[in-house]
Amino acid sequence: MIQVLDKGYVRLVDAMGSDLSVVNSARVSYNKATETLRPEDEKLIKFLATHDHTSPFRHATLQFEVYAPLMVARQWWKYIIGSSHQDPFTAWNESSRRYVTEEIEFYIPEEDAWRSKPENSKQGSGPSLGTPIGAEATKRLLQQIEDGMKNYDWAIEQGIATEQARLFIPSAYGLMVRWYWTASLQGVSHFLNQRTDAHAQHEIQLFANAVKTLALERFPVSLSALLTE
Ligand SMILES: Cc1cc2nc3c(=O)[nH]c(=O)nc-3n(C[C@H](O)[C@H](O)[C@H](O)COP(=O)(O)OP(=O)(O)OC[C@H]3O[C@@H](n4cnc5c(N)ncnc54)[C@H](O)[C@@H]3O)c2cc1C
């Protein structure tokens, strides 16, 4: 498990296949299979990746548990092909606030973690704004969360259904949510190529780098071949 931000993490729950299964699925048409990864197999993996022969990379699958702010989950959820609930071979399951099952937590940036607007772009962010503004931003966010949670607790005490009481949960973008993400190795590499990039939001970059570390341990040759950086 890799800790990310103040409360989040990424954990590799399970994985199917290895670099060898990429090779063996590519060679099935020659009725050939190997049991150990040889230098020529590594060469084949690189050839497949560079020439966009992607189907062998879809025989390998990874399942992650992620605990991240909702704003990160929303960006992650856009990876539809090979990594979503719309594909019968992959899945996304998220903890729902329709039932009170776990403690409500929020992502609270540290005082020095509030970033400025970028200079030459409409999206993304620049360097830290420093502590005077950062300290005030953290204080205001904490206050907003406290006020909202008082209303939420009040609604629960009144017997309002949890699925409606959650309307009072404040700072929805920072609400920590937990989900399982199952995706093919190709799907994971597509996500990583976009979300470890400097143009992606800083927070999702941190989670993507955790996914990258865990996935590289399992598929060192294949994933390296698929990654653009
Ligand atoms: C820096 C950044 C900023 C972004 N900003 C925004 C934003 O402001 N608003 C917003 O809504 N989204 C935004 N996105 C999300 C972006 O538009 C994509 O939805 C997201 O990156 C998922 O990528 P994808 O569509 O390639 O993934 P998938 O949907 O998983 O698709 C994977 C690949 O499959 C192929 N594919 C998918 N569908 C089809 C199809 N119908 N026909 C043919 N080929 C297909 C394409 O090659 C595609 O790249 C942003 C993404 C990034 C990285």
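This is a predicted model: local features need pLDDT of at least 70, side-chain atom pairs count only at pLDDT 80 or more; totals for chains, interfaces and linings use all residues.
Residues are numbered from 1 along each chain as its sequence is written. Local features need pLDDT of at least 70, side-chain atom pairs count only at pLDDT 80 or more, totals for chains, interfaces and linings use all residues, and side-chain values use heavy atoms, with hydrogens and water left out.

Trainee: How do the residues of the shell around the ligand divide into nonpolar, polar and charged?
Mentor: The residues around the ligand include Tyr-79, Ile-80, His-190 and Arg-195. Ala, Val, Leu, Ile, Met, Phe, Trp, Tyr, Cys and Pro count as nonpolar, Asp, Glu, Lys and Arg as charged, and the others, Gly among them, as polar. The shell has 3 nonpolar, 4 polar and 2 charged.

Trainee: Which residue has a polar side-chain atom 2.5 Å from an oxygen atom of the ligand?
Mentor: Polar contacts are pairs of N or O atoms within 3.5 Å. For Lys-78 the distance from a polar side-chain atom to a ligand oxygen is 2.8 Å, and for a side-chain N or O atom of Tyr-79 it is 3.2 Å. The residue at 2.5 Å is Gln-194.

Trainee: What separates the centres of domain 1 and domain 2?
Mentor: The bounds come from an automatic or database domain assignment. Domain 1 is 2-99 + 179-226 and domain 2 is 111-172. Taken over C-alpha atoms, the separation of their centres is 31 Å.

Trainee: Is Thr-34 buried or exposed?
Mentor: Thr-34 is in the loop between α1 (19-26) and α2 (39-50). Buried means under 20% relative accessible area, exposed over 50%, with a 1.4 Å probe and protein chains only. Because its relative accessibility is 15%, Thr-34 counts as buried.

Notes. A residue is near a molecule or strand if one of its heavy atoms lies within 4 Å of it. A polar contact is a pair of N or O atoms within 3.5 Å; within protein, one must be able to donate a hydrogen and the other to accept it, and residues adjacent in sequence count only if both atoms are side-chain atoms. Helices (H or I, at least four residues) and strands (E, at least two) are DSSP runs, numbered from the N terminus.
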